[in-house]
Amino acid sequence: MNAKTEFLPGNTISKQFGVLLGLLLGTTLLCAGDKPWKAKSYQQWDEKDLQTILTESPWVRVTPIQRSWLPVAEKDVAPDPQINGGVRQMPAPGTSDNTVRAGEESLRELNVQIYWQSSRVMRAATAREAALHGRQVDVDKYAVEPQSEYQIIVRMGDMTPFAQHDEKFFQDSAALQTKKSKEKIVPTHVVYEKNAKGTVQDAIFFFPKSISSGAPTIAGDEKEVQFSCKIGDQTVRVAFRPQEMVDQSGPAL
């Protein structure tokens, strides 16, 4: 008796192949969609991961501001040349002395970068970046060191407003506002970090994590926290979403 080779029906093969293909595709998409702060430990983050964390993660916000102050780069620019015995040249018809000169419009707007720096994700990312660039940093210690207060860093390409006012001025000009509880949280203090030239590089705002009763200032089920700060003649506002600010170990504020 001849042995028979049993073949699965064509539709069964197609179904099994479809299921397998779907699983493989789903796994591929899942891996591609994983964020580095969830998919890897900070010891494994590379330059690309750090770029994503420091520019596109839930702990980072970027918003434009219209510069109403004289940019640092223009303060030492010589005045317009004088002609006809010291009389300023008359402006062209339809213009005035305070009309924005060609090329200055692009200088009016700059980005305000705002970081929720007390998060272990941000602390690990900044320490890891420093280590990858050759600086002697204890990444593990810096990343997991407990923070008694929330810390938010404000940074701009031109920090002139912060050079013009002290930390107390901005302490009184900033706040956190929770959306659900409507609580307004004011900074306990502000610290300026300066670069090697002695100019302000970052403004760090410190906010309490709890009130006098011990209750948290930001509840575990809070969905949105707005940071606001008056800079120049404008108020900058950005929203952070605590439910998205989560890493492998859980909530990370």
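Me: Two strands pair if DSSP finds at least two bridges between them. In this predicted model, which residue of β7 is the bridge partner of leucine 176?

Reply: Strand β6 spans residues 174-178, and β6 pairs with β7 in the antiparallel sense over 2 bridges. Strands of a sheet pair through backbone hydrogen bonds, either parallel or antiparallel. In β7, the bridge partner of leucine 176 is isoleucine 185.

Me: Is threonine 63 buried or exposed?

Reply: Threonine 63 lies in strand β1. Leaving aside residues up to four places away in sequence, threonine 63 touches Leu110, Asn111, Val112, Val236 and Val238. Buried means under 20% relative accessible area. Because its relative accessibility is 16%, threonine 63 counts as buried.

Me: Against which elements do the buried residues of α3 pack?

Reply: Helix α3 covers residues 47-56, and its buried residues are Asp49, Leu50, Thr52, Ile53 and Leu54. An α-helix has 3.6 residues a turn, so residues three or four places apart point the same way. The buried residues of α3 pack against α2 (36-39), β1 (60-66), β4 (109-116) and α5 (120-132).

Me: At the start of α3, to within what distance of the backbone nitrogen of lysine 48 does a side-chain oxygen of aspartate 46 reach?

Reply: The contact is located at the start of α3.

Notes: Residues numbered from 1 in each chain as written. Predicted model: local features only at pLDDT ≥ 70, side-chain atom pairs only at ≥ 80, totals over all residues. Heavy atoms only, no water. Buried < 20%, exposed > 50% of the residue type's maximum accessible area, 1.4 Å probe, protein only. Helix = DSSP H or I, 4+ residues; strand = E, 2+ residues; numbered from the N terminus. Contact = heavy atoms within 4.5 Å. Polar contact = N/O pair within 3.5 Å; in protein donor to acceptor, adjacent residues only side chain to side chain.
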